[in-house]
Amino acid sequence: MAEEQLRIRKAKVADARPIHKMLMDCARDGLLLPRSFHDLYRHLREFYVVVSPEGEVHGCCALSIAWEDLAEIRSLVIGGHIQRRGWGRKLVDACLSEALTLGIYRVLTLTYQVEFFKRMGFIEVSKDIVPQKMWADCLNCPKFPECDETAMILDL
Ligand SMILES: CC(C)(COP(=O)(O)OP(=O)(O)OC[C@H]1O[C@@H](n2cnc3c(N)ncnc32)[C@H](O)[C@@H]1OP(=O)(O)O)[C@@H](O)C(=O)NCCC(=O)NCCS
């Protein structure tokens, strides 16, 4: 795989299976929450992917509208072989641009990757500010209600 040939684009339906595999591999390591195929297909339009010209998926990230003035960055994974080369930043930037396009100026994430998101300009906040609506996803989390992720916010 020639890294200079990788690019970022919106996800296509054919990306759902490789995205699912990346998320499940990461979930097994406890780095993020697993997502079902059902959930993934319903939310596929929220995803950006890092892909090779052959269509192999090497990274993914989703921007989900949480409320009238809040979006959430979810399901961010960069393949181990291309980590620390700027692809995570590029995916997050793509999501932040989309938030601006949508007219949403506050973006939240629940994460274990505090240092990475600090680099992206996010700051740690209390989980109390996470809208109740978003806790619907948390009900399906194996860790609920003992969430050990950190809530982080970026005001655009
Ligand atoms: C966290 C993750 C998405 C970062 O993506 P990445 O492509 O490796 O990160 P980038 O190369 O874009 O890094 C951007 C900046 O963050 C820093 N950074 C990245 N990962 C970091 C980490 N774990 N700790 C501290 N800094 C980190 C980089 O050094 C870089 O700093 P710079 O601005 O000074 O150059 C990636 O490591 C990953 O997929 N990890 C496993 C899954 C995971 O935990 N996902 C997050 C779920 S919310």
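Q: How much space lies in the second largest pocket, and what makes a space a pocket?
A: The second largest pocket holds about 230 Å³ of space. On a 1 Å grid over the protein atoms alone, a pocket is an open set of points where a 1.4 Å probe fits, with protein on both sides within 12 Å along at least five of seven lines. The volume is the space filled by probe spheres set on the points, which are joined across faces, edges and corners.

Q: What kind of model is this?
A: The model is predicted; local features need pLDDT of at least 70, side-chain atom pairs count only at pLDDT 80 or more, and totals for chains, interfaces and linings use all residues. Residues are numbered from 1 along each chain as its sequence is written, and side-chain values use heavy atoms, with hydrogens and water left out.

Q: Which residues line the second largest pocket?
A: Lining residues have an atom within 4 Å of a point. In the second largest pocket they are Leu-33, Pro-34, Arg-35, Ser-36, Asp-39, Arg-74, Asp-137, Asn-140, Cys-141 and Pro-142. By class, 4 are nonpolar, 2 polar and 4 charged. Ala, Val, Leu, Ile, Met, Phe, Trp, Tyr, Cys and Pro count as nonpolar, Asp, Glu, Lys and Arg as charged, and the others, Gly among them, as polar.

Q: What is the volume of the largest pocket?
A: The largest pocket has a volume of about 1200 Å³. Its lining has 46 residues, and those closest to its centre are Leu-76, Val-77, Gln-113, Phe-116 and Phe-117. Helix 1 (16-28), strand 4 (70-78), helix 3 (87-102), strand 5 (106-111), helix 4 (114-119) and helix 5 (135-138) each give two or more residues to the lining of the largest pocket. Strand 4 gives the largest share of this lining, 7 residues. Helices (H or I, at least four residues) and strands (E, at least two) are DSSP runs, numbered from the N terminus. The lining of the largest pocket has 22 nonpolar, 9 polar and 15 charged residues.

Q: Why does His-20 count as buried?
A: Buried means under 20% relative accessible area, exposed over 50%, and partly exposed in between (1.4 Å probe, protein chains only). His-20 has 14% relative accessibility, so it counts as buried. His-20 is found in helix 1. Not counting residues up to four places away in sequence, His-20 touches Arg-35, Ser-36, Phe-37 and Leu-40, where contact means heavy atoms within 4.5 Å.

Q: What makes Glu-98 buried?
A: Glu-98 has a relative accessible area of 18%, and is therefore buried. Glu-98 lies in helix 3. Leaving aside neighbours within four places in sequence, Glu-98 is in contact with Lys-10, Tyr-48 and Leu-63.

Q: How do you know whether Glu-68 counts as buried or exposed?
A: The value for Glu-68 is 70% relative accessibility, so Glu-68 counts as exposed. Glu-68 is found in the loop between strand 3 (57-67) and strand 4.

Q: Why does Gln-113 count as partly exposed?
A: Gln-113 has 42% relative accessibility, so it counts as partly exposed. Gln-113 lies in the loop between strand 5 and helix 4.
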